[in-house]
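Have a look at the fold first.

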Amino acid sequence: MKRVTTLLLLGTAAVALAQGTTFLTIGSGSTTGVYFPVATGMAKLINDAGTGVRANARSTGGSVFNVNALASGELDAAIAQNDIVYYAYKGTGLPAFQGKANSKLRTMAVLYPEVLHVVARKDAGINSIADLKGKRVVIGDLGSGTEQTAKQVLDAYGLNEGDLGQALRVSPAQGISLMQDKRADALFYTVGVGASAISQIAQTVDVKLVPVSGNQAATLIKKYPFYVRYNIPAKSYKGIGATVPSVAVQATLVTTTNVSEDAVYKAMKAAFGNETELRALHPSLASFSYDKAVKGLPAPLHPGAVKFFKEKGLNIK
(Lines give C-alpha, C1' and ligand atoms only; values in the text may rest on other atoms or scores of the structure.)
Protein backbone atom coordinates (compact mmCIF):
# COMPACT_ATOMS: atom_id res chain seq x y z
CA MET A 1 0.00 0.00 0.00
CA LYS A 2 2.90 2.32 0.85
CA ARG A 3 4.41 1.77 -2.61
CA VAL A 4 1.07 2.59 -4.28
CA THR A 5 0.73 5.78 -2.20
CA THR A 6 4.26 6.85 -3.12
CA LEU A 7 3.56 6.25 -6.81
CA LEU A 8 0.37 8.29 -6.56
CA LEU A 9 2.24 11.19 -4.94
CA LEU A 10 4.95 11.05 -7.57
CA GLY A 11 2.30 10.92 -10.25
CA THR A 12 0.58 14.01 -8.83
CA ALA A 13 3.87 15.89 -8.79
CA ALA A 14 4.61 14.85 -12.35
CA VAL A 15 1.21 16.09 -13.52
CA ALA A 16 1.78 19.41 -11.75
CA LEU A 17 5.17 19.82 -13.39
CA ALA A 18 3.78 18.83 -16.75
CA GLN A 19 1.11 21.50 -16.43
CA GLY A 20 3.76 24.10 -15.69
CA THR A 21 2.86 24.73 -12.05
CA THR A 22 5.07 27.33 -10.37
CA PHE A 23 5.86 26.80 -6.68
CA LEU A 24 6.49 29.82 -4.46
CA THR A 25 7.98 29.53 -0.98
CA ILE A 26 7.11 32.67 0.98
CA GLY A 27 9.33 33.62 3.93
CA SER A 28 7.52 35.08 6.93
CA GLY A 29 8.76 35.35 10.53
CA SER A 30 8.04 33.95 13.97
CA THR A 31 4.79 31.99 14.30
CA THR A 32 3.78 34.38 17.11
CA GLY A 33 4.12 37.49 14.94
CA VAL A 34 2.02 38.94 12.13
CA TYR A 35 4.18 37.92 9.15
CA PHE A 36 3.36 34.24 9.57
CA PRO A 37 -0.49 34.41 9.57
CA VAL A 38 -0.40 36.99 6.76
CA ALA A 39 1.93 34.86 4.61
CA THR A 40 -0.05 31.72 5.39
CA GLY A 41 -3.30 33.45 4.48
CA MET A 42 -1.91 34.80 1.20
CA ALA A 43 -0.55 31.34 0.32
CA LYS A 44 -4.02 29.89 0.84
CA LEU A 45 -5.61 32.54 -1.39
CA ILE A 46 -3.02 31.75 -4.09
CA ASN A 47 -3.59 28.00 -3.82
CA ASP A 48 -7.39 28.31 -3.79
CA ALA A 49 -7.30 30.36 -7.00
CA GLY A 50 -6.08 27.38 -9.02
CA THR A 51 -4.08 29.50 -11.49
CA GLY A 52 -1.10 27.16 -11.80
CA VAL A 53 0.83 28.90 -9.02
CA ARG A 54 1.17 27.04 -5.72
CA ALA A 55 2.48 28.69 -2.56
CA ASN A 56 3.56 27.77 0.94
CA ALA A 57 4.58 29.97 3.87
CA ARG A 58 7.68 29.24 5.93
CA SER A 59 8.41 30.52 9.42
CA THR A 60 11.81 32.26 9.50
CA GLY A 61 14.02 34.52 11.61
CA GLY A 62 12.55 37.64 10.02
CA SER A 63 13.44 40.44 7.62
CA VAL A 64 17.23 40.19 7.35
CA PHE A 65 17.13 36.42 7.01
CA ASN A 66 14.37 36.70 4.42
CA VAL A 67 16.16 39.07 2.06
CA ASN A 68 19.36 37.02 2.32
CA ALA A 69 17.35 33.87 1.54
CA LEU A 70 15.85 35.61 -1.49
CA ALA A 71 19.41 36.33 -2.69
CA SER A 72 20.45 32.69 -2.28
CA GLY A 73 17.28 31.33 -3.89
CA GLU A 74 16.14 29.61 -0.71
CA LEU A 75 12.96 31.72 -0.82
CA ASP A 76 10.93 32.92 -3.81
CA ALA A 77 9.05 35.68 -2.00
CA ALA A 78 9.03 37.09 1.53
CA ILE A 79 7.60 39.67 3.87
CA ALA A 80 10.19 42.11 5.23
CA GLN A 81 10.49 45.61 6.64
CA ASN A 82 10.84 48.21 3.89
CA ASP A 83 14.01 49.68 5.41
CA ILE A 84 15.72 46.27 5.47
CA VAL A 85 14.75 45.62 1.84
CA TYR A 86 16.12 49.01 0.79
CA TYR A 87 19.45 48.38 2.54
CA ALA A 88 19.73 44.97 0.85
CA TYR A 89 18.81 46.40 -2.56
CA LYS A 90 21.41 49.16 -2.25
CA GLY A 91 24.07 47.10 -0.43
CA THR A 92 24.34 49.62 2.38
CA GLY A 93 23.07 50.47 5.86
CA LEU A 94 23.75 47.18 7.62
CA PRO A 95 26.88 45.02 7.87
CA ALA A 96 24.92 42.05 6.49
CA PHE A 97 24.44 43.86 3.17
CA GLN A 98 27.48 46.15 2.98
CA GLY A 99 28.97 45.96 -0.51
CA LYS A 100 26.59 43.16 -1.52
CA ALA A 101 23.77 45.01 -3.28
CA ASN A 102 21.02 42.66 -4.49
CA SER A 103 19.81 44.43 -7.63
CA LYS A 104 17.41 41.55 -8.32
CA LEU A 105 15.11 42.44 -5.42
CA ARG A 106 11.64 43.56 -6.50
CA THR A 107 8.60 44.77 -4.59
CA MET A 108 5.21 43.12 -4.94
CA ALA A 109 3.26 45.33 -2.52
CA VAL A 110 3.54 47.43 0.64
CA LEU A 111 1.24 45.73 3.15
CA TYR A 112 0.83 47.53 6.50
CA PRO A 113 2.62 49.59 9.16
CA GLU A 114 4.97 47.67 11.45
CA VAL A 115 4.97 49.41 14.78
CA LEU A 116 7.79 49.37 17.27
CA HIS A 117 6.51 47.94 20.55
CA VAL A 118 8.79 48.40 23.54
CA VAL A 119 7.14 46.29 26.22
CA ALA A 120 8.36 46.55 29.81
CA ARG A 121 7.38 44.77 33.01
CA LYS A 122 5.65 47.26 35.31
CA ASP A 123 7.85 46.12 38.19
CA ALA A 124 11.08 46.91 36.26
CA GLY A 125 10.95 50.69 36.79
CA ILE A 126 11.12 51.53 33.07
CA ASN A 127 9.25 54.64 31.95
CA SER A 128 11.37 55.72 28.99
CA ILE A 129 13.89 54.26 26.55
CA ALA A 130 16.64 55.92 28.61
CA ASP A 131 15.58 53.74 31.57
CA LEU A 132 16.65 50.61 29.65
CA LYS A 133 20.23 51.32 30.72
CA GLY A 134 21.43 48.44 32.87
CA LYS A 135 18.30 46.38 32.19
CA ARG A 136 17.89 42.91 30.63
CA VAL A 137 16.35 43.65 27.24
CA VAL A 138 15.16 41.35 24.44
CA ILE A 139 16.33 43.17 21.29
CA GLY A 140 15.07 40.62 18.74
CA ASP A 141 16.22 37.46 17.02
CA LEU A 142 19.69 37.56 15.48
CA GLY A 143 19.29 38.91 11.94
CA SER A 144 15.75 40.16 12.43
CA GLY A 145 14.38 43.57 11.49
CA THR A 146 13.51 44.09 15.15
CA GLU A 147 17.19 43.80 16.12
CA GLN A 148 18.11 46.57 13.69
CA THR A 149 15.25 48.77 14.89
CA ALA A 150 16.26 48.27 18.52
CA LYS A 151 19.84 49.38 17.78
CA GLN A 152 18.65 52.47 15.91
CA VAL A 153 16.19 53.51 18.62
CA LEU A 154 18.73 53.00 21.41
CA ASP A 155 21.17 55.15 19.43
CA ALA A 156 18.59 57.95 19.15
CA TYR A 157 18.48 57.99 22.96
CA GLY A 158 22.28 57.99 23.27
CA LEU A 159 22.50 54.30 24.20
CA ASN A 160 24.01 51.18 22.66
CA GLU A 161 23.94 47.47 23.44
CA GLY A 162 26.84 47.86 25.84
CA ASP A 163 24.73 50.14 28.02
CA LEU A 164 22.17 47.39 28.60
CA GLY A 165 22.57 45.05 31.52
CA GLN A 166 22.04 42.21 29.03
CA ALA A 167 21.11 42.27 25.33
CA LEU A 168 19.03 39.17 24.71
CA ARG A 169 18.88 37.97 21.08
CA VAL A 170 16.02 35.51 21.04
CA SER A 171 12.80 34.89 19.16
CA PRO A 172 9.56 36.59 20.23
CA ALA A 173 8.32 33.28 21.69
CA GLN A 174 11.47 32.93 23.80
CA GLY A 175 11.21 36.60 24.74
CA ILE A 176 7.72 36.00 26.12
CA SER A 177 9.03 33.20 28.34
CA LEU A 178 11.89 35.37 29.59
CA MET A 179 9.46 38.19 30.44
CA GLN A 180 7.08 35.79 32.19
CA ASP A 181 9.90 34.22 34.21
CA LYS A 182 11.31 37.63 35.21
CA ARG A 183 14.52 36.89 33.32
CA ALA A 184 13.94 39.90 31.04
CA ASP A 185 12.80 43.40 31.96
CA ALA A 186 11.77 44.65 28.53
CA LEU A 187 11.26 43.51 24.97
CA PHE A 188 11.57 45.20 21.56
CA TYR A 189 9.30 43.92 18.82
CA THR A 190 8.60 45.58 15.46
CA VAL A 191 5.28 44.09 14.47
CA GLY A 192 1.73 44.94 13.45
CA VAL A 193 -0.57 46.17 16.22
CA GLY A 194 -2.50 43.23 17.66
CA ALA A 195 0.33 40.71 17.38
CA SER A 196 -0.39 37.57 19.41
CA ALA A 197 3.03 37.68 21.10
CA ILE A 198 2.34 41.11 22.62
CA SER A 199 -1.21 40.12 23.53
CA GLN A 200 0.10 37.00 25.26
CA ILE A 201 2.57 38.96 27.39
CA ALA A 202 -0.13 41.48 28.33
CA GLN A 203 -2.48 38.68 29.36
CA THR A 204 0.04 37.01 31.66
CA VAL A 205 2.27 39.83 32.97
CA ASP A 206 1.58 43.37 34.17
CA VAL A 207 3.26 45.40 31.43
CA LYS A 208 3.45 48.89 29.98
CA LEU A 209 4.36 50.15 26.52
CA VAL A 210 7.35 52.49 26.56
CA PRO A 211 6.90 55.57 24.32
CA VAL A 212 9.23 56.60 21.51
CA SER A 213 8.52 60.28 21.01
CA GLY A 214 9.74 63.87 21.18
CA ASN A 215 13.15 64.96 19.94
CA GLN A 216 14.46 61.41 19.94
CA ALA A 217 11.73 60.25 17.55
CA ALA A 218 12.40 63.30 15.35
CA THR A 219 16.13 62.46 15.28
CA LEU A 220 15.37 58.85 14.36
CA ILE A 221 13.04 59.84 11.52
CA LYS A 222 15.52 62.38 10.17
CA LYS A 223 18.35 59.82 10.13
CA TYR A 224 16.19 56.92 8.89
CA PRO A 225 13.42 58.32 6.66
CA PHE A 226 11.65 54.95 6.48
CA TYR A 227 10.28 55.57 9.96
CA VAL A 228 7.02 57.42 10.51
CA ARG A 229 5.35 58.44 13.76
CA TYR A 230 2.62 56.03 14.84
CA ASN A 231 0.32 56.10 17.86
CA ILE A 232 -0.55 52.71 19.32
CA PRO A 233 -4.26 53.04 20.17
CA ALA A 234 -5.47 52.73 23.76
CA LYS A 235 -6.83 49.28 24.65
CA SER A 236 -4.85 47.59 21.86
CA TYR A 237 -3.62 45.26 24.61
CA LYS A 238 -4.74 44.37 28.12
CA GLY A 239 -3.71 47.01 30.64
CA ILE A 240 -2.81 49.66 28.03
CA GLY A 241 -5.35 52.35 28.85
CA ALA A 242 -3.93 55.30 26.91
CA THR A 243 -2.51 55.97 23.45
CA VAL A 244 1.25 55.36 23.31
CA PRO A 245 3.38 57.27 20.77
CA SER A 246 5.89 55.21 18.82
CA VAL A 247 7.35 54.83 15.34
CA ALA A 248 6.70 52.44 12.49
CA VAL A 249 8.17 51.09 9.28
CA GLN A 250 6.23 49.20 6.59
CA ALA A 251 5.81 45.47 6.07
CA THR A 252 6.45 44.75 2.39
CA LEU A 253 5.97 41.69 0.20
CA VAL A 254 9.04 41.25 -1.98
CA THR A 255 10.42 38.82 -4.54
CA THR A 256 13.21 38.79 -7.14
CA THR A 257 13.62 38.98 -10.91
CA ASN A 258 14.15 35.20 -10.84
CA VAL A 259 10.37 34.76 -10.52
CA SER A 260 8.57 35.24 -13.82
CA GLU A 261 6.20 38.09 -14.62
CA ASP A 262 3.41 35.57 -15.20
CA ALA A 263 3.89 33.85 -11.84
CA VAL A 264 3.98 37.12 -9.87
CA TYR A 265 0.97 38.49 -11.75
CA LYS A 266 -1.06 35.34 -11.04
CA ALA A 267 0.01 35.34 -7.38
CA MET A 268 -0.90 39.04 -7.07
CA LYS A 269 -4.27 38.54 -8.71
CA ALA A 270 -5.06 35.66 -6.37
CA ALA A 271 -3.84 37.24 -3.13
CA PHE A 272 -4.66 40.90 -3.77
CA GLY A 273 -7.51 40.72 -6.30
CA ASN A 274 -10.17 40.90 -3.60
CA GLU A 275 -9.27 43.61 -1.08
CA THR A 276 -11.98 42.46 1.33
CA GLU A 277 -10.58 38.92 1.47
CA LEU A 278 -7.05 40.22 1.94
CA ARG A 279 -7.98 42.61 4.76
CA ALA A 280 -9.76 39.75 6.53
CA LEU A 281 -6.51 37.80 6.89
CA HIS A 282 -5.32 39.88 9.87
CA PRO A 283 -6.29 43.12 11.65
CA SER A 284 -2.97 44.67 10.55
CA LEU A 285 -4.23 44.56 6.96
CA ALA A 286 -7.46 46.40 7.79
CA SER A 287 -6.22 49.65 6.21
CA PHE A 288 -4.66 48.06 3.12
CA SER A 289 -5.40 49.77 -0.17
CA TYR A 290 -3.97 49.62 -3.69
CA ASP A 291 -2.86 53.26 -3.43
CA LYS A 292 -0.90 52.59 -0.23
CA ALA A 293 0.53 49.38 -1.69
CA VAL A 294 2.73 51.29 -4.14
CA LYS A 295 3.98 54.03 -1.77
CA GLY A 296 7.29 53.88 0.06
CA LEU A 297 8.67 51.19 -2.24
CA PRO A 298 12.09 49.96 -1.05
CA ALA A 299 12.91 48.39 -4.44
CA PRO A 300 11.30 48.66 -7.91
CA LEU A 301 7.98 46.97 -8.52
CA HIS A 302 8.18 43.56 -10.16
CA PRO A 303 6.77 43.61 -13.73
CA GLY A 304 4.07 41.16 -12.63
CA ALA A 305 3.01 43.57 -9.89
CA VAL A 306 3.09 46.50 -12.34
CA LYS A 307 0.71 44.60 -14.61
CA PHE A 308 -1.63 43.85 -11.70
CA PHE A 309 -1.75 47.40 -10.34
CA LYS A 310 -2.26 48.89 -13.80
CA GLU A 311 -5.30 46.63 -14.18
CA LYS A 312 -6.56 48.10 -10.91
CA GLY A 313 -6.39 51.58 -12.44
CA LEU A 314 -3.18 52.83 -10.82
CA ASN A 315 -0.89 55.07 -12.82
CA ILE A 316 2.30 53.01 -12.51
CA LYS A 317 5.35 53.90 -14.57
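Which residues does methionine 42 touch, leaving out those up to four places away in sequence?

## The inside

Keep in mind that this is a predicted model. In it, methionine 42 touches Ile79, Leu111, Leu253, Ala271, Phe272, Leu278 and Leu281, with residues up to four places away in sequence not counted.

Met42 also turns up in the largest nonpolar core, a set of 66 residues. Along with Ile79, Leu111, Met268, Phe272 and Phe309, Met42 is among those with the most contacts inside that core. Helix α9 (residues 261–272) supplies the largest share of this core, with 8 residues. Apart from this core there's another, made of 43 residues, including Val67, Ala124, Val210 and Val247.

## Two helices crossing

Now for helix α2 (residues 35–49), whose axis comes within 8 Å of that of α9, crossing at roughly 110°. Angles from 65 to 115 degrees count as roughly perpendicular, so that's what α2 is to α9.

On the α2 side, Met42, Leu45, Ile46 and Ala49 make the contact, and α9 brings Ala267, Ala270, Ala271 and Phe272. Sorted by class, this contact of α2 with α9 has 8 nonpolar residues, no polar ones and no charged ones.

## Two lysines in loops

Most residues other than glycine have a negative phi. Lysine 182, though not a glycine, has a positive phi of about 60°. You'll find lysine 182 in the loop between α6 (172–180) and β7 (186–191).

Lysine 235 isn't a glycine either, and has a positive phi of about 70°. Its place is in the loop between β9 (228–232) and β10 (244–256). Is lysine 235 buried or exposed? Lysine 235 counts as exposed, because its relative accessibility is 73%.

Definitions and conventions:
Residues numbered from 1 in each chain as written. Predicted model: local features only at pLDDT ≥ 70, side-chain atom pairs only at ≥ 80, totals over all residues. Heavy atoms only, no water. Helix = DSSP H or I, 4+ residues; strand = E, 2+ residues; numbered from the N terminus. Buried < 20%, exposed > 50% of the residue type's maximum accessible area, 1.4 Å probe, protein only. Core = buried A, V, L, I, M, F, W, Y, C linked by side-chain atoms within 4.5 Å. Contact = heavy atoms within 4.5 Å. Axes fitted to C-alpha atoms, helices over the stretch in contact; angles between N-to-C directions. Parallel < 35°, antiparallel > 145°, perpendicular 65-115°, else oblique. Nonpolar A, V, L, I, M, F, W, Y, C, P; charged D, E, K, R; others polar.
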